[in-house]
Amino acid sequence: MPNRTVTFTGIKFDNPFLLSSAPPTESENNILRAFEAGWGGVVVKTIGLHPVVNVIGARTKFFRTTPDDNAVSMKKRTGAALHGSWNWELISDKGLDWWVPRIRRMKEAFPTRVVIASIMAGSGSDKELRAWQTLTQAVQDAGADGVECNFSCPHMDRKDMGSNIGKDEGLCSVVTEAVKEVAKVPVWTKLTPATQDIVVEAAACFRGGADAIVSSNTFPSLPIIDPETLEFEINVDGLVSSGGLGGPAILPMSLANMARMCQAFPEKSFSGIGGVSDFNQALSYFLLGCGTVQVCTAAMLDQAIGPNVIKRLLSGLDTFLDKHAADGWNSIEDFRGLRRDRVVAQSQIRRPAGDQYQGGYEPVEGYAVPESSLSS
Ligand SMILES: Cc1cc2nc3c(=O)[nH]c(=O)nc-3n(C[C@H](O)[C@H](O)[C@H](O)COP(=O)(O)O)c2cc1C
């Protein structure tokens with residue numbers, strides 16, 4: 001039997017696959033169903049001190065694309081394939097007091113499964129920093145195995161919250177340090193991809209004492225404008241605000257950020273998120289150096305908590321380890337980070353020698369055919 005277990009930031013996981021902080025983990029019932037389905041852990045939907053109120057109507061919709069014209073739209077069309085999720089959902093609409101007894105109960109029901117509590121407060125005053133500490137103490141006393149600081153929610157108006165923390169290395173460091181001051185459990189920080197150089201904010205979190213970096217949250221984005229109605233495909237009274245793109249569309253961008261952080265801090269711990277729906281995508285994150293992988297969009301579209309997604313992730317991992325048994329690979333640790341050093345500066349990539357150069361014409365998809373092949 002292949003070894004699925006991992007130890008990540010000192011926490012032992014039955015398997016390295018978690019549901020990320022999002023609708024799949026927004027209720028006790030969902031989380032219990034997720035554990036029954038086999039997920040190694042969950043990151044609870046982000047908890048604040050107080051409940052919040054979401055916009056009216058849909059909080060998430062899905063972009064799909066059609067094979068004939070590659071048109072991306074939220075409209076349902078036959079034969080269209082998933083492109084990504086778009087959401088403008090806030091943190092949990094239940095406050096800390098609602099969550100505390102539920103975290104306790106889910107840990108009692110599934111003691112070997114991992115519960116990470118995602119938390120969020122502001123950062124503009126000492127009072128706000130104390131709110132992070134109150135949240136940390138409450139969730140760890142309830143039995144959470146770790147906390148994940150949300151420095152990444154892309155739709156916050158407040159300058160001292162969500163991704164506005166993740167864009168500011170000073171705030172990343174100060175908030176992480178405040179949380180670490182009271183934390184008895186590992187502290188993960190989830191960073192926004194909406195920054196010029198994510199390595200800077202990752203370094204700041206590590207300076208503050210973070211035990212792991214989590215990436216990516218969704219990318220800032222807008223819905224598309226319907227050419228018939230001239231309205232955004234999702235709107236309230238004709239208005240829209242910037243929301244977050246997730247799912248398959250963000251996989252390559254999330255991998256790029258992860259590669260840079262894993263190279264900058266090869267000894268540190270990283271949890272990869274973005275566009276994972278089966279083991280093949282999770283593998284890219286492991287090969288770059290991640291120790292765990294999280295899933296949102298694919299799980300939302302699979303009975304809300306992804307029973308088939310986790311089945312595919314586990315069987316994919318087993319098959320992969322089986323295939324590489326002769327290489328001596330028995331667990332994630334045996335191949336983690338194996339491709340970390342393959343991402344290099346452009347100038348280090350080999351150029352064609354002499355007559356292989358086609359003068360800008362290439363015999364590959366998307367380019368004009370070489371003149372030599374026209375004349376023959
Ligand atoms: C509707 C929705 C709500 C989300 N809410 C949160 C949240 O409260 N906290 C958080 O850290 N991330 C939140 N996320 C981001 C996801 O956890 C995840 O980072 C992102 O969707 C990328 O993963 P994916 O490509 O598997 O969807 C949310 C995503 C969606 C689609």
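Predicted model: local features only at pLDDT ≥ 70, side-chain atom pairs only at ≥ 80, totals over all residues.

Started with P16, which I found in the loop between strand 2 (11–13) and strand 3 (17–19).

Is P16 buried or exposed? I looked up its neighbours: there are 27 C-beta neighbours inside 10 Å, and 20 or more is enough, so P16 counts as buried. Next I listed what P16 touches, skipping residues up to four places away in sequence: V6, G40, G291, T292, V293 and I332. I also checked W39, which sits 23 residues from P16 along the chain; their C-alpha atoms are separated by 8.4 Å.

Moved on to strand 7 (residues 81–87). Five of its seven residues are buried, so I wrote it down as mostly covered. Which strands does strand 7 pair with? One is strand 5 (residues 60–65), antiparallel, over six bridges. In that pairing, I found W86 of strand 7 as the bridge partner of K61. Another is strand 13 (residues 243–246), also antiparallel, joined to strand 7 by three bridges. There, N87 stands opposite G244.

Last entry: the largest nonpolar core. It has 89 residues, and I looked up which members touch the most others: A117 and V147. Helix 7 (residues 251–264) gives this core its largest share, six residues.

I then followed up on V147. Leaving aside neighbours within four places in sequence, V147 is in contact with I116, A117, I119, T136, V139, Q140, V179, A183, V185 and V187. So A117 turns up again, this time as one of the contacts of V147.

Terms used: Residues numbered from 1 in each chain as written. Core = buried A, V, L, I, M, F, W, Y, C linked by C-beta atoms within 7 Å. Buried ≥ 20, exposed ≤ 12 C-beta atoms within 10 Å, placed from the backbone. Helix = DSSP H or I, 4+ residues; strand = E, 2+ residues; numbered from the N terminus. Contact = placed C-beta atoms within 7 Å. Pairing = 2+ DSSP bridges.
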